[in-house]
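Dear colleague,

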Amino acid sequence: PGDEVKEEERMPMKEYMRDPAAWLVVVILTFGVISEIAVGGWLVNFLEKVYKWNISTASVMLSAFFLAFTLARLLLGPLTDKLGFTKFLIILSGMSGIFSILGVLLGEGFAFLFALAGAGIAPIYPTVMALLAKRYPKDCDTAISFTVTLMGVGNVIGSFLVGAIIDGFKNAFTGLYGADKGLLIGMKAGYVFIGLCALVCSAMSVVLLRYLRKRNEIL
């Protein structure tokens, strides 16, 4: 949609960048994707290092995460229509963040929460794309290009931060408790950060909802 719109009718990039909602959407998508991709990179490593699982068992948990991820994308569409895009983002990303953090804090017996977090983080990307298409029907290509480009930059920074947090906490606590304990604390801190990214996604969705509500433009 929008391909038939004449060039002179399109919103210039500078004007688009002055829209606060555009930047809020960038932040929402960036933190959501950081959380999503970081799980693929760190969950198996976390389960091996912290809970001493073998690689086969840890890989099964990662598979369960992606199963929940896939089912959520396939089945939660009707819920999006009932709640609206923004409310849906608030609830699902918040759920993912809470499950991820509880999986760390409650210990090995609650590791299944890591898999359930996949159902919460999965719809973030497609929901944001749908939100952009609905809010900017004539400028959807501009909106998506701007959002995805900045999200890519933010995701690189976020992925680096996960590793930096793990190393920082590991190094800080190794001198106090030894290398094994230091690594355990570092891995837990890094995974809590992954959960916090999903919570930031949820919090910024609340900010977006309030902004749109003031303008009577709730999506």
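The notes below go through the nonpolar core, an aromatic pair, a helix pair and one further residue.

This is a predicted model, in which local features need pLDDT of at least 70 and side-chain atom pairs count only at pLDDT 80 or more, while totals for chains, interfaces and linings use all residues. Residues are numbered from 1 along each chain as its sequence is written, and side-chain values use heavy atoms, with hydrogens and water left out.

The largest nonpolar core has 56 residues, and those with the most contacts inside it are Leu-43, Phe-46, Leu-47, Phe-114 and Val-128. Such a core is a set of buried Ala, Val, Leu, Ile, Met, Phe, Trp, Tyr and Cys residues joined through side-chain atoms within 4.5 Å, where buried means under 20% relative accessible area, exposed means over 50%, and partly exposed lies in between (1.4 Å probe, protein chains only). Helix α2 gives the most to this core, with 16 residues; helices here are DSSP runs (H or I, at least four residues) numbered from the N terminus. Leaving aside its neighbours within four places in sequence, Leu-47 is in contact (heavy atoms within 4.5 Å) with Lys-52, Trp-53, Ala-58, Met-61 and Phe-114.

A search of the whole structure finds 14 aromatic pairs, a pair being rings of Phe, Tyr or Trp (its six-membered ring) whose centres lie within 6.5 Å, with planes under 30 degrees apart counted as stacked, over 60 as edge-to-face and the rest as tilted. One of them joins Phe-46 and Phe-114 in an edge-to-face arrangement, 5.5 Å centre to centre and with 80° between the planes. This pair links distant parts of the chain, since Phe-46 is in helix α2 and Phe-114 is in helix α6, 68 residues apart. Both Phe-46 and Phe-114 are buried, and they belong to one aromatic cluster together with Tyr-51, Trp-53 and Tyr-191.

How do α2 and α3 lie against each other, and at what angle do their axes cross? The axes come within 8 Å and cross at roughly 155°, as lines fitted to C-alpha atoms over the stretch in contact, with angles running from 0 to 180 degrees between N-to-C directions. That makes α2 roughly antiparallel to α3, a term used for angles over 145 degrees.

Finally, Ala-130 has its place in helix α7, and because its relative accessibility is 27%, Ala-130 counts as partly exposed.

With best wishes

How values were computed:
Helix = DSSP H or I, 4+ residues; strand = E, 2+ residues; numbered from the N terminus. Parallel < 35°, antiparallel > 145°, perpendicular 65-115°, else oblique.
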